[in-house]
Amino acid sequence: MDLIKINDNKLKIMLSATDMVTFALDADKMDYTNSKTREAFRHILEEARDRTGFDAKGNQIYVQLYPSRGGGCEMFVTKLGVVCALEDHAPSQDK
């Protein structure tokens, strides 16, 4: 697994075919409602936090997944909760 922290809100994850087998994932049939898929993704994000400092815990995230020819995949994880949090703390326009 290769991890690239693009910025504080975006992470690129590259999984090889071997990684996909290890995590029991199939890029063509990714099912986020499946508890095993969610568990694997949580494990991937925990490793990303430990290795890169990218911490998505407590944030909504948007995941883009692109299957690779060799059986792996590339994923881009974007934290959305940060934008929502900024909106919650914007100055009031009330007069």
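What follows covers the fold, the sheet and then the charged residues.

A: This is a predicted model, where local features need pLDDT of at least 70, side-chain atom pairs count only at pLDDT 80 or more, and totals for chains, interfaces and linings use all residues. Residues are numbered from 1 along each chain as its sequence is written, and side-chain values use heavy atoms, with hydrogens and water left out.

Q: Fine. How many helices and strands does the protein chain have?

A: Three helices and four strands. Both are DSSP runs numbered from the N terminus: helices are H or I with at least four residues, strands are E with at least two. Along the sequence the pattern reads β-β-α-α-β-β-α.

Q: In what order do the strands sit in the sheet?

A: The open sheet has the order β1-β2-β4-β3, with antiparallel pairing. Its edge strands are β1 (2–7) and β3, each pairing on one side only. From one strand to the next the twist averages 15°, taken between N-to-C directions on a 0 to 180 degrees scale, with axes as lines fitted to C-alpha atoms (for helices, over the stretch in contact).

Q: What counts as a pair here?

A: Two strands pair if DSSP finds at least two bridges between them. β1 and β2 have five bridges, and they form a hairpin with two residues between them. Leu-3 stands opposite Ile-13 of β2 there.

Q: And which strands does β4 pair with, and over how many bridges?

A: Six bridges join β4 to β2 (residues 10–15), and seven join β4 to β3 (residues 61–67).

Q: Why is β4 described as largely enclosed?

A: Because six of the seven residues of β4 (residues 73–79) are buried, the strand is largely enclosed by the rest of the structure. Buried means under 20% relative accessible area, exposed over 50% and partly exposed in between (1.4 Å probe, protein chains only). For the protein chain, 31% of the 95 residues are buried.

Q: Switching to charges. How many salt bridges by this rule?

A: Four. The rule asks for a side-chain nitrogen of Lys or Arg within 4 Å of a carboxyl oxygen of Asp or Glu. One of them joins Lys-12 and Glu-74, with the closest N and O atoms 3.8 Å apart. That pair links strand β2 to strand β4, 62 residues apart. Lys-12 is buried at 19% relative accessibility, while Glu-74 is partly exposed at 28%.

Q: What about Asp-19: where is it, and what is the nearest opposite charge?

A: Asp-19 is in helix α1 (residues 17–22). Asp-19 is buried yet has no salt bridge, and the nearest side chain of opposite charge, Arg-51, is 7.8 Å away. Lys and Arg count as positive, Asp and Glu as negative; His and the chain ends are not counted.

Q: So what does its side chain reach?

A: The side chain of Asp-19 reaches the backbone nitrogen of Met-1 at 2.9 Å. Leaving aside neighbours within four places in sequence, Asp-19 is in contact (heavy atoms within 4.5 Å) with Met-1 and Met-14.

Technical notes: Polar contact = N/O pair within 3.5 Å; in protein donor to acceptor, adjacent residues only side chain to side chain.
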